[in-house]
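I am opening a notebook on this structure. The entries below record what I looked up, one topic at a time.

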Amino acid sequence: MTSVPMKKNPFKEKMTAIRIVNPETAQFLGTITNFDMFPGSASLVAYLDFFNIRPETDYILSLTAHFPDGTSYPVHATRINIAAQDFVLIKDGYGKATGNFNFNFTIQNPSDFYFFFVLLDENGQGVDTAYSYHSFQNRR
């Protein structure tokens, strides 16, 4: 059995329950999405829960797309700073909150890919990462 490294602190400053939705169809972005033609583009919304982050603190959440041929490109970056009154269960300076952001995604050719989410703290240090795997294919 192979050992997988543990996160530095698996209970602080985490992203969880990431859901990507196409607001035009009100459908979750599934594993396979079909386009009539390429390049294709979609307006999407990412919803996620923050698990034990600090209120009133500047975080940066970045999103990149990665492809099997090794290419990648930035898709979106946003500042996260959630007011204390929007948190649930604040304890010892950390609490749970939800957030969302809109982004546009354009893909040149049919392909598998993954969205790579990175949460950075106010010092620019990575505190968590998450992956969301998808495949955009030609409807024909």
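Entry 1, salt bridges. I count a salt bridge where a side-chain nitrogen of Lys or Arg lies within 4 Å of a carboxyl oxygen of Asp or Glu. The model I am reading is predicted. My search of the whole structure gave three salt bridges.

I took E13 with R54, where the closest N and O atoms are 2.9 Å apart. E13 sits in the segment before strand 1 and R54 in the loop between strand 4 and strand 5, so this pair ties together parts that are 41 residues apart in sequence. I also looked up R54 with E122, and there the closest N and O atoms are 2.8 Å apart. E122 belongs to the loop between strand 9 and strand 10, so its pairing with R54 ties together parts 68 residues apart in sequence. I note that E13, R54 and E122 are linked in a network of salt bridges.

Is E13 buried or exposed? I have E13 at 11% relative accessibility, so it counts as buried, the limit being under 20%. E122, at 41%, counts as partly exposed.

I then looked at D58 and R79, whose side chains meet in a salt bridge at 3.4 Å, N to O. D58 lies in the loop between strand 4 and strand 5 and R79 in strand 6, so the pair ties together parts 21 residues apart in sequence. D58 is partly exposed at 35% relative accessibility, while R79 is exposed at 55%.

I returned to E13 and found a phi near 55°, a positive value in a residue other than glycine. E56 also has a positive phi, about 55°, and is not a glycine. I place E56 in the loop between strand 4 and strand 5.

Where is the cis peptide bond that I noted? It joins F38 and P39, with omega about 0°. P39 is in the loop between strand 3 (32-35) and strand 4 (40-53).

I traced an open sheet of five strands in the order 3-10-9-5-6, with mixed pairing. Strand 3 and strand 6 are its edge strands, each pairing on one side only. The twist averages 25° from one strand to the next.

I followed strand 5 (residues 59-66) to its partners. With strand 6 (residues 72-80) it pairs in the antiparallel sense over eight bridges. The two strands form a hairpin with five residues between them, and G70 in the turn has a positive phi of about 95°. Strand 5 also pairs with strand 9 (residues 111-120), in the antiparallel sense over seven bridges.

The bridge partner of H66 in strand 6 is S72, and in strand 9 it is Y114. For A65, the partner in strand 9 is F115.

The largest nonpolar core has 32 residues, and I noted F50, L61, F103, F105, F115 and F117 as touching the most other members. Strands 1, 4, 5, 6, 8, 9 and 10 each supply at least two residues of this core. Which strand gives the most to this core? I have strand 4, with six residues.

I listed the contacts of L61, leaving out residues up to four places away in sequence. Among them are M15, L48, F50, H76, I80, F101, F117 and L119.

Note on methods. Residues numbered from 1 in each chain as written. Predicted model: local features only at pLDDT ≥ 70, side-chain atom pairs only at ≥ 80, totals over all residues. Heavy atoms only, no water. Pairing = 2+ DSSP bridges. Helix = DSSP H or I, 4+ residues; strand = E, 2+ residues; numbered from the N terminus. Core = buried A, V, L, I, M, F, W, Y, C linked by side-chain atoms within 4.5 Å. Buried < 20%, exposed > 50% of the residue type's maximum accessible area, 1.4 Å probe, protein only. Contact = heavy atoms within 4.5 Å. Axes fitted to C-alpha atoms, helices over the stretch in contact; angles between N-to-C directions.
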